[in-house]
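Let's take a friendly walk through a protein structure, one contact at a time. Please have a look at the sequence and the model before reading on.

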Amino acid sequence: MSSTVLQSRLEGMARYRYHRRRILSLLGWVVCGGFFVLLGFALVDILVEIAAGGFPALNTKLFTEPTQGVSGGLANAIEGTALLTAGSVLIAGPIGIGTGIYMAEKQERVFSRVVRFMADVLVGIPSIVLGLFGYITMVVGLGWHFSVLAGAITLAIMITPYIARTTELALLALPGSLREAAYALGATEPVVVFRVLLPSCVGRVLTGLLLAMALSMGETAPLIYTVGWSNYTWNGHLTHEPLGYLTYVIWSFINEPFESAHQLAFAAALLITFFALAITLGSRLILSRLDKS
Amino acid sequence: MSEIVTTRIDQSLPAAGRAKRWVFRVGLGVVALIIPLVLLGLLAFLTLQAWPAIQFNGFGFLVSNDWDLGSQYGTPVSVDGHQVLPGASYGILFLIFGTLASSLLAVLFALPAGVLSAMFIAEVVPQGARDVVAAVVELLAAVPSVVFGLWGYVVVIPVFSHYVYPLMADVLGFIPGFGGPVGAGYGLLTAGVVLALMVVPIITANVREAISAVSRGDVEAGFALGATRFEVVWKVVLPQVKTAIVGVTILGLGRALGETMAVLMVSGNALDIPSNIYSPFSTMAAFIVSQLDSALQDPTGMAVDSLSEIGLMLLILGIIVNSIARLIMWRVRG
């Protein structure tokens, strides 16, 4: 008699504990999902705000006329951002890819590990420190003043370690047999690297370059004291000539008390966000294609 | 072994091939030197530039609390052999406080948000949709920091200062630092929220990767014991990725410590230690941008040198924090 009572009470407790666990687990997932929704909401809100402020400000004048004070167009800034981005990728590309080849092909060397570690550390150095470095060494030290070259080199310092690491990972993802087969055929090291290995992973290396480009495009802090600001389009001088760029418009014009300045800031934000996100999304798409094949 | 093989190939090559190989080897070695040289160059040039300031400011730089360029129109005076403007003194305790406080707030918000959303993406979202869903969080990393600043300026500041902060001050006012005037929305908590969003994608991406690397056998053993999916993830998977979480959190902290533009646009750029969690403040990185223009007006150059000293400290901080984070993350990946 008493044993059946005990048994049913134990069963009740077990059922209670079982349900409690199920409910707690469900709650856990709800909290996890809640955080996810919150982050997704933040991204969507950023995009919506930028689009809502930016689209009404878009017109052809933006692309054809330079800035005049806090009004006019953005032709000078668009050109400046394109120049700085292209310049930084042109400088950092060969150096980064070369360093990546070194890290992947000389893996067993201690120096290779040192370079890899330093690249990882350099990626995390605050970009304003790089800007200050560029200001001290190039703008003042070499007497270049605010200029395209000082800005492009400063950005290149920022993205070189990034390109180096993506190149290294791309090379290391190749099957070892590829390398061995090439050497077995009597190919020399440069031939193996440039004719066999790099062509086999060119997709990944180029995606790394693209992502670095997106990073470079969105930067502001390293440029404020290396590139300056100019209302005029570029006159072809690499040094001694400040230049406009889009991210500058965003942070400096939004604080101006004029409607035209706010419109330009939002238009610049829309352009830069669109390009940065498009490049990043495109690269992710290419990468997931490469992963599948 | 491979050295022997390549040497023999080398000997059997015609001279032109050997020359090419030599150029390749030397060239590669030289290119690989660039990153270490840049890192050393950063340290060397910032130290060189900051040296007069390091001597003039001494230890007081870190523990005193006034940033005063001195009298702009005064005749420079000589102090300990350094030419400075009369009344000049440089102390950045408020910047150190602001940098640490905003970064810690950011990590405090970003850590649970990043880890839990990574759990959600890795374990609840079906495999086919996972990449697309993960992109939602990870695309936050692609938004330029100045755009985060703009968003903070036009959305977070007005919304939080009107609705959230007054409510918080009412309800949580009894906790020191949470009461008092809520101000205009420029401040520590606003910067913490914006910074958190910038740190989250780093945490989510890395934790998601670590979770997917946990052995399926352990997971199945968990299910076999009758655990629910959440219990398996919480009690079996998470303990195994603990080290990865620590590493990536430190990495995120490094990102927050050095973030410049977003903080600059929402911090209020105050020259003092904030009186409560809603008050304006500044960080080392943001201060360099906001003060360089006025520092350039100092004919003795001591103001620029002192800003360089801040830059040098930020660099050293960056090297230390990132080294620790990378060492931990390297150990995890083996």
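A residue is called buried when its relative accessible area is under 20%, exposed when it is over 50%, and partly exposed in between, using a 1.4 Å probe and the protein chains only. At 18% relative accessibility, Arg179(A) therefore counts as buried.

Some ground rules come next. This is a predicted model, in which local features need pLDDT of at least 70 and side-chain atom pairs count only at pLDDT 80 or more, while totals for chains, interfaces and linings use all residues. Residues are numbered from 1 along each chain as its sequence is written, chains are lettered from A and ligands numbered from 1 in the order in which they are written, and side-chain values use heavy atoms, with hydrogens and water left out.

**Salt bridges**

Side chains of opposite charge can pair when their charged atoms come close. A salt bridge here is a side-chain nitrogen of Lys or Arg within 4 Å of a carboxyl oxygen of Asp or Glu. Over all chains, the search finds 12 salt bridges. Here are some of them:

| Pair | N to O distance |
|---|---|
| Glu105(A) and Arg179(A) | 3.1 Å |
| Glu123(B) and Arg229(B) | 3.0 Å |
| Arg208(B) and Glu138(B) | 3.2 Å |
| Arg21(A) and Glu231(B) | 2.8 Å |

Helices in this report are DSSP runs (H or I, at least four residues), numbered from the N terminus. The pair of Glu105(A) and Arg179(A) has a salt bridge of 3.1 Å; it links helix α3 (residues 75–105) with helix α7 (residues 176–184) of chain A, 74 residues apart.

In chain B, Glu123(B) and Arg229(B) meet at 3.0 Å. Glu123(B) sits in helix α4 (residues 93–123) and Arg229(B) in helix α9 (residues 229–240), so the pair ties together parts that are 106 residues apart in sequence. Glu123(B) is buried at 10% relative accessible area, whereas Arg229(B) is partly exposed at 39%.

What about Arg208(B) and Glu138(B): are both buried or exposed? Both are buried.

**Where the chains meet**

Contact means heavy atoms within 4.5 Å. In chain A, 75 residues are in contact with 83 residues of chain B. Buried area is the accessible area (1.4 Å probe) that two parts lose on being put together, summed over both. Between chain A and chain B, about 7200 Å² is buried, and carbon and sulfur atoms give 82% of that. Trp29(A), Phe36(A) and Leu39(A) supply 10% of the area that chain A buries against chain B, more than any other three residues. The interface has 3 salt bridges, and the side chains of Arg21(A) and Glu231(B) meet in a salt bridge between the two chains.

Leu251(B) lies in helix α10 (residues 242–258) and is buried, with a relative accessible area of 11%. Beyond neighbours within four places in sequence, its contacts include Ile202(B), Asn322(B) and Met329(B).

Ser279(B) is found in the loop between α11 (261–266) and α12 (284–295). Ser279(B) is buried too, at 9%. Leaving aside neighbours within four places in sequence, Ser279(B) is in contact with Tyr186(B), Gly187(B), Leu188(B) and Pro274(B).

Note on methods. Helix = DSSP H or I, 4+ residues; strand = E, 2+ residues; numbered from the N terminus.
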